[in-house]
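Open the model in your viewer and keep the selection tool at hand. The tour goes stop by stop, with a short account of what to look at.

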Amino acid sequence: MTTSEGLMLDFAIYEGAKTMFGESNLGLGPSVILSLAKSIPPGSCVYHDRYFTTVPLIEEMEKLNLHSTGTIMQNRIPDRATIKFKKDSAMRRGEC
């Protein structure tokens, strides 16, 4: 975990299945984020990539008064069948 300027605040070395990150009921990725988030003050903003992002993680971060932003894989969105996404080829330049 680093600041926006690149200053390292905390880190954890992954050693395989025996690595303990605390809360594991949300999965490995979210447990890493929750473990590292213990060392930052409430109200902080945390940015993470798609390996770590899940909807339950974002909800848990909100309970801890931490802002959480990350890209998310479509298969990690509950009830994703009801969400209609445009195909990339159908989008105009700059459209999301």
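One cut-off first: a residue counts as buried under 20% relative accessible area, as exposed over 50%, and as partly exposed in between. Keep in mind that this is a predicted model.

**Stop 1: Asn-65**

Select Asn-65. Its relative accessibility is 45%, so it counts as partly exposed. Asn-65 sits in the loop that links helix 2 (55–63) to strand 2 (67–70). Now check the backbone. What is the phi of Asn-65 near? The angle is near 60°, a positive value in a residue other than glycine. Most residues other than glycine have a negative phi. Seen from the helix, Asn-65 with its positive phi follows helix 2.

**Stop 2: the start of helix 2**

Go to the other end of this helix and select Thr-54 with Leu-57. Thr-54 caps the N-terminal end of helix 2. Draw the distance from a side-chain oxygen of Thr-54 to the backbone nitrogen of Leu-57: 3.1 Å.

**Stop 3: Thr-53**

Select Thr-53. It belongs to the loop between strand 1 and helix 2. Buried or exposed? Thr-53 counts as buried because its relative accessibility is 0%, and the cut-off for buried is under 20%. Now show its polar neighbours. A polar atom of the Thr-53 side chain lies 2.9 Å from the backbone oxygen of Asp-49. The backbone oxygen of Thr-71 also has a polar atom of this side chain at 2.9 Å.

**Stop 4: Tyr-51 and Phe-52**

Select Tyr-51 and Phe-52 and show the rings. The count of aromatic pairs comes to 1. Tyr-51 and Phe-52 form that pair, with ring centres 5.1 Å apart. The planes are at 90°, so the arrangement is edge-to-face, given that the cut-off for this class is over 60 degrees. Switch to a surface view for Tyr-51. Its relative accessible area is 44%, so Tyr-51 is partly exposed.

**Stop 5: His-48**

Select His-48, which lies in strand 1. His-48 counts as buried because its relative accessibility is 9%. The side chains of His-48 and Ser-68 make a polar contact at 2.6 Å.

**Stop 6: the largest pocket**

Stay with strand 1 and bring up the largest pocket. It holds about 340 Å³ of space. Helix 1 (28–37) and strand 1 (45–48) are the elements that give two or more residues to its lining. Which element gives the largest share? Strand 1 does, with 4 residues. Colour the lining by residue class. You get 10 nonpolar residues, 5 polar and no charged.

**Stop 7: the whole chain**

Clear the selection and zoom out. The protein has 2 helices and 2 strands. Follow them from the N terminus and the order is α-β-α-β. The C-alpha trace spans about 40 × 30 × 25 Å along its principal axes. What radius of gyration does the protein have? It has 16 Å, while a compact globule of 96 residues would come near 12 Å. Finish by colouring by accessibility: 22% of the 96 residues count as buried.

Note on methods
Residues are numbered from 1 along each chain as its sequence is written. This is a predicted model: local features need pLDDT of at least 70, side-chain atom pairs count only at pLDDT 80 or more; totals for chains, interfaces and linings use all residues. Side-chain values use heavy atoms; hydrogens and water are left out. Buried means under 20% relative accessible area, exposed over 50%, partly exposed in between (1.4 Å probe, protein chains only). A polar contact is a pair of N or O atoms within 3.5 Å; within protein, one must be able to donate a hydrogen and the other to accept it, and residues adjacent in sequence count only if both atoms are side-chain atoms. On a 1 Å grid over the protein atoms alone, a cavity is a set of points where a 1.4 Å probe fits but cannot get out, and a pocket is an open set with protein on both sides within 12 Å along at least five of seven lines; lining residues have an atom within 4 Å of a point. Grid points are joined across faces, edges and corners, and a volume is the space filled by probe spheres set on the points. Ala, Val, Leu, Ile, Met, Phe, Trp, Tyr, Cys and Pro count as nonpolar, Asp, Glu, Lys and Arg as charged, and the others, Gly among them, as polar. Rings of Phe, Tyr and Trp (its six-membered ring) pair if their centres lie within 6.5 Å; planes under 30 degrees apart count as stacked, over 60 as edge-to-face and the rest as tilted. The radius of gyration is taken over C-alpha atoms; the globule rule is 2.2 Å times the number of residues to the power 0.38.
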